[in-house]
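Visitor: I am new to this structure and would like a close look at a single part. Please take the salt bridges and describe them in one go.

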Amino acid sequence: QVQLVESGGGLVQAGGSLRLSCAASGRAFSPYAMGWFRQRPGNEREFVAAINWSGGITNYADSVKDRFIISRDNAKKSLYLQMNSLKPEDTAVYYCAAGLFGYRPSAYNYWGQGTQVTVSS
């Protein structure tokens, strides 16, 4: 079992930045690929970014490419999402997940409880 807890969400104006963190506990963190997903009201959970076990390979949704940066620190068992140039359409609950590298939610076995990000216009 891997337990994941997100933090860092909040309210920010359009054009601003936020940094999300995800702290892992339980089983070893480093073997897992990690991902960030988000879910807007009335929408399905959608892929945001993923990073492989070493941090050497990343993948982003087109909607966040060049604005968001995913990173990890295996020594600290932590995952991060630096979000820049935020837009109102980035408003969602953001989830971190651990599992296999990919963009489908089904690739991930473990999920956090989510953190709300609200971007005002």
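**The salt bridges**

Guide: The structure holds 5 salt bridges, a salt bridge being a side-chain nitrogen of Lys or Arg within 4 Å of a carboxyl oxygen of Asp or Glu. This is a predicted model, in which local features need pLDDT of at least 70 and side-chain atom pairs count only at pLDDT 80 or more, while totals for chains, interfaces and linings use all residues. Residues are numbered from 1 along each chain as its sequence is written, and side-chain values use heavy atoms, with hydrogens and water left out.

Arg38, Arg40, Glu46, Arg67 and Asp90 are linked in a network of salt bridges. Take Arg38 to begin with: its side chain meets that of Glu46 at 2.7 Å, N to O. Arg38 also forms a salt bridge with Asp90, where the closest N and O atoms are 2.9 Å apart. Arg38 lies in strand β4 (residues 33–39) and Asp90 in the loop between β8 and β9, so this pair ties together parts that are 52 residues apart in sequence. Strands (E, at least two residues) and helices (H or I, at least four) are DSSP runs, numbered from the N terminus.

Arg38 has 2% relative accessibility and counts as buried, and Asp90 is buried as well, at 1%. Buried means under 20% relative accessible area, exposed over 50%, and partly exposed in between (1.4 Å probe, protein chains only).

Glu46 is partly exposed, with a relative accessible area of 23%. Glu46 also forms a salt bridge with Arg40, the closest N and O atoms being 2.5 Å apart. Arg40 is partly exposed too, at 24% relative accessibility.
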